[in-house]
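Subject: Structure handover and what was found in it

Hello,

I am handing over the structure that we spoke about, and I would be glad if you could look at it before reading my notes.

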Amino acid sequence: RGLRFAMVLTNTENGVIGIVAGGVEVSMMQWTVFFKNRDQQGRTAASQVSELKAGAASAFRSFQAITPRVLYRGVGANMINMGVLTGLQLPLTNVVAAAITRGEDRKLTSTEMVAAAFTGGLISGVVCGPMDIIMIQQQNNGWKLAQTPSTINRLYGTSIFTRSLSMACSREAIFTAGYLGLAPVLMHKVRSVFGVDEGTSKVLSSVGAGVIASTISHPIDTIKTCMQGDLQRARYGSLSQTARALYAEGGWERFFNGYKWRTGRTMCSFFIINECKHVLTDFLELRRI
């Protein structure tokens with residue numbers, strides 16, 4: 001199906017589909033974001049040392065403290081973030097795809113599909129960066145969504161919302177290239193080469209594209225998360241300072257803290273978002289008949 005959903009619908013329709021798909025994904029997968037962000041910021045190691053010193057009883061209380069409310073802290077900000085991002089990425093990819101074909105009535109090649117999605121994701125990262133800061137600070141400090149932006153602005157100034165923006169754009173470019181470009185390409189390849197049914201090809205392509213996109217982008221995401229979680233720059237300063245600090249903390253492996261949580265989420269996300277798009281696209285097309 002490739003970019004069929006992007007090419008037959010208007011940009012407004014693509015945007016609405018993206019908002020719905022992004023909201024559904026976050027409502028299902030937000031808990032993995034909690035663990036991913038916790039591990040990337042090195043908060044796990046510190047809590048484990050504290051628990052060992054305090055004894056088994058304290059460790060059990062800490063485990064009990066991880067309630068659904070804690071796991072879904074920041075879900076509002078992330079739902080807005082993911083909804084808006086996906087709502088932007090679909091029409092942006094559509095615009096780039098139209099520019100690539102120059103108005104010709106033809107399908108995109110595999111390379112063009114990935115390139116269009118990469119570019120659309122890159123542009124959407126401008127919105128993603130500030131929203132990620134709000135979500136991460138909410139998770140770290142337990143603030144309410146309504147108070148978090150104003151609190152951040154009061155403590156650090158408006159310019160802080162651009163912190164690690166280049167990393168946010170880079171991550172979104174790779175992520176979008178994965179679910180809007182690579183996943184559809186792999187789905188076609190799997191079906192044509194192995195002759196499997198559509199459902200199996202969707203699962204296999206989501207897994208394959210998810211692993212590839214996560215592996216390439218995870219070091220970028222780790223740097224971004226650490227910088228945005230440490231707005232006071234106590235441990236992580238500039239981008240280069242953060243990279244050096246992370247390497248000093250644990251070598252190259254340190255850049256892959258939280259990898260299992262993010263990869264698991266990405267594989268599921270690719271499947272969830274693409275399924276939402278396909279179902280909603282079919283629904284909108286039927287309404288036109």
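My notes below go from the chain as a whole to its cavities and then to its salt bridges.

Please keep in mind that this is a predicted model, in which local features need pLDDT of at least 70 and side-chain atom pairs count only at pLDDT 80 or more, while totals for chains, interfaces and linings use all residues. Residues are numbered from 1 along each chain as its sequence is written, and side-chain values use heavy atoms, with hydrogens and water left out.

The chain as a whole

The chain has twelve helices and zero strands, where helices (H or I, at least four residues) and strands (E, at least two) are DSSP runs numbered from the N terminus. Of its 289 residues, 48% count as buried, a word that here means under 20% relative accessible area, with exposed meaning over 50% and partly exposed in between (1.4 Å probe, protein chains only). If we take contacts (heavy atoms within 4.5 Å) with a separation of 6 or more, residues 24 or more positions apart account for 82% of them.

The cavities

Rolling a probe the size of a water molecule over the atoms shows where empty space is left.

Several helices supply at least two lining residues each, including helix 2 (11-40), helix 10 (198-229) and helix 12 (259-288), while helix 6 gives the most, with five residues. By class, the lining has seven nonpolar, six polar and eight charged residues; Ala, Val, Leu, Ile, Met, Phe, Trp, Tyr, Cys and Pro count as nonpolar, Asp, Glu, Lys and Arg as charged, and the others, Gly among them, as polar.

The salt bridges

A salt bridge is a side-chain nitrogen of Lys or Arg within 4 Å of a carboxyl oxygen of Asp or Glu, and by this rule the count comes to 15. In one of them, the side chains of Arg265 and Glu25 meet at 2.8 Å, N to O. Arg265 lies in helix 12 and Glu25 in helix 2, so the pair ties together parts that are 240 residues apart in sequence. Arg265 is buried, with a relative accessible area of 17%, and Glu25 is buried too, at 0%.

Another salt bridge joins Asp221 and Lys36, again at 2.8 Å, N to O. This pair links distant parts of the chain, with Asp221 in helix 10 and Lys36 in helix 2, 185 residues apart, and both Asp221 and Lys36 are buried. The two also belong to a network of salt bridges that links Lys36, Asp132, Arg171, Glu172, Asp221, Lys224 and Arg262.

Arg235 and Glu249 form a further salt bridge, their closest N and O atoms being 3.3 Å apart. Here Arg235 is partly exposed, with a relative accessible area of 45%, and Glu249 counts as partly exposed at 37%.

Best wishes
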